[in-house]
Amino acid sequence: MIDLGRLLERADRMDEAEPWLRRAAETGHPTAVVLLAGALLTRDRAEEAEPWLERSARAGDVTAMGLLGRLLARTRRAAQAEPWLRKAAEAGDTTAMYELGLALEATRQAPEAVRWFRRAAEAGHPRAAATLGVVLYEDDRADEAEPFLRRAAEAGDAGAMSNLGTLLHKAGRMREAEQWYRRAVDAGFDRAQYDLAVLLQNTGRADEAVRWYRRAAETGHPLAAGALAVRLCEEGRLREAEPWLRRAAGAGDVTSMVNLGFLLFHSGRKAEAEQWYRRAAAEGDMTAAKLLGGRLFKEPQARPRRRRGFRKPRLTRSDSRPGVAREYQVPCSPGAVTPADPRCSWEPWGGGR
């Protein structure tokens with residue numbers, strides 16, 4: 001029964017596989033339970049999967065303990081997840097070690113979370129290495145973070161590639177940072193496009209930077225949209241710049257709020273300009289506050305004494321907490337999730353943090 005169910009499951013014939021896996025699971029076969037639960041989870045039937053996993057976990061199956069813990073954690077029940085993840089982690093399940101770290105972090109037990117991330121990373125779990133690198137980097141321990149981020153990046157984690165680029169960029173190692181940003185982009189990590197553009201602009205390659213700002217802006221990156229708009233404004237392409245400024249300002253970029261106000265004011269749309277200046281001032285922008293408190297919006301015919309021009313965007317890397325690396329992991333089949341296979345970190349129902 002289980003062999004037939006596994007064969008059908010691997011052939012992606014889940015409707016046919018499920019009854020065979022269910023029959024095998026009803027006999028108490030632990031692998032069948034895990035496979036059935038995985039089939040249910042991938043079809044968004046978590047409520048059905050949970051009792052099967054709990055039954056097998058209570059019978060002592062380590063893989064079921066880990067998967068049950070992950071299901072509970074993914075459904076915002078971190079406190080209930082912790083004991084199951086802990087049992088699986090202590091039995092050597094490296095994915096459970098990593099997930100236990102996430103559950104502990106969610107319940108503000110950071111020091112113990114870091115210990116589990118480290119154990120999983122040292123056992124070869126790439127996502128744990130990426131996450132540990134993030135935690136260490138955020139704790140201003142860049143030298144200690146680098147080897148873990150590098151390990152995850154070299155294992156193919158696109159977020160870790162980008163985060164390693166950020167670490168190297170900050171350290172002034174521009175050539176290597178650029179290589180990792182480009183690898184992250186090639187691996188499909190769109191947020192690295194903006195950081196690559198910043199690096200290119202900071203190293204005197206403005207034209208290439210603009211192309212990457214545009215690509216990043218088209219994926220929805222607000223800082224990239226703001227930077228692209230400023231370049232278009234400098235070239236006199238105000239009509240083309242305005243929608244990019246609106247996109248960036250609407251996403252909360254304060255510099256773009258001020259720049260949009262400036263564009264609107266000088267194109268005769270004073271009332272709307274005032275609205276954007278007020279939004280920027282409410283976010284603490286002193287330039288917008290001074291403009292609102294001066295003559296421009298108090299005297300109908302007032303004009304600025306001199307055209308100040310558009311404010312240049314701050315050329316900083318993304319504010320993105322490097323934790324974006326946590327969204328990535330190695331895909332594999334449910335049947336491969338075993339304590340003996342630390343390379344595999346299966347998200348059974350397409351979840352992710």
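Biologist: Which backbone atom does the side chain of glutamine 193 reach?

Modeller: The side chain of glutamine 193 reaches the backbone nitrogen of alanine 216, at 3.2 Å. Keep in mind that this is a predicted model.

Biologist: Got it. Where does glutamine 193 sit?

Modeller: Glutamine 193 is part of helix H13, which covers residues 192-202.

Biologist: Buried or exposed?

Modeller: Glutamine 193 has a relative accessible area of 4%. Buried means under 20%, so glutamine 193 counts as buried.

Biologist: And what is glutamine 193 in contact with, leaving aside neighbours within four places in sequence?

Modeller: Its contacts beyond those neighbours are Val185, Trp212, Arg215, Ala216 and Thr219.

Biologist: Let's zoom out. How many helices and strands does the protein have?

Modeller: There are 19 helices and zero strands.

Biologist: What share of the residues is buried?

Modeller: The protein has 353 residues, and 50% of them count as buried.

Biologist: Left-handed or right-handed crossing?

Modeller: H14 passes H16 in a left-handed crossing.

Biologist: Which residues meet there?

Modeller: H14 brings Arg214, Ala217 and Glu218, and H16 brings Glu240, Trp244 and Arg247. By class, that contact has two nonpolar, no polar and four charged residues.

Biologist: Now H6 and H8. What is their packing angle?

Modeller: H6 and helix H8 (residues 110-122) pack at about 35°, with axes 12 Å apart. Their crossing is left-handed.

Biologist: Which residues make the contact?

Modeller: Arg86, Ala89 and Glu90 come from H6, while Glu112, Trp116 and Arg119 come from H8. The class count for H6 with H8 is two nonpolar, no polar and four charged residues.

Biologist: Change of topic: loops. What is the phi of arginine 76?

Modeller: Near 60° for arginine 76, a positive value in a residue other than glycine. Arginine 76 is in the loop between helix H5 (62-74) and helix H6 (78-90).

Biologist: Is arginine 76 buried or exposed?

Modeller: Exposed means over 50%. Arginine 76 has a relative accessible area of 80%, so arginine 76 is exposed.

Biologist: What about aspartate 140: where is it?

Modeller: Aspartate 140 is in the loop between helix H9 (126-138) and helix H10 (142-154). Its phi is positive, about 60°, although aspartate 140 is not a glycine. Aspartate 140 is exposed, with a relative accessible area of 68%.

Biologist: Last one, alanine 32. Buried or exposed?

Modeller: Alanine 32 is buried, with a relative accessible area of 0%. Alanine 32 lies in helix H3 (residues 30-42).

Biologist: How far is alanine 32 from arginine 22?

Modeller: They are ten residues apart in sequence, and 7.4 Å apart in space from C-alpha to C-alpha.

Note on methods. Residues are numbered from 1 along each chain as its sequence is written. This is a predicted model: local features need pLDDT of at least 70, side-chain atom pairs count only at pLDDT 80 or more; totals for chains, interfaces and linings use all residues. Side-chain values use heavy atoms; hydrogens and water are left out. Helices (H or I, at least four residues) and strands (E, at least two) are DSSP runs, numbered from the N terminus. Buried means under 20% relative accessible area, exposed over 50%, partly exposed in between (1.4 Å probe, protein chains only). A crossing is left-handed if the near helix is turned anticlockwise from the far one by less than a right angle, and right-handed if clockwise. Contact means heavy atoms within 4.5 Å. Ala, Val, Leu, Ile, Met, Phe, Trp, Tyr, Cys and Pro count as nonpolar, Asp, Glu, Lys and Arg as charged, and the others, Gly among them, as polar. A polar contact is a pair of N or O atoms within 3.5 Å; within protein, one must be able to donate a hydrogen and the other to accept it, and residues adjacent in sequence count only if both atoms are side-chain atoms. Axes are lines fitted to C-alpha atoms, for helices over the stretch in contact, and angles run from 0 to 180 degrees between N-to-C directions.
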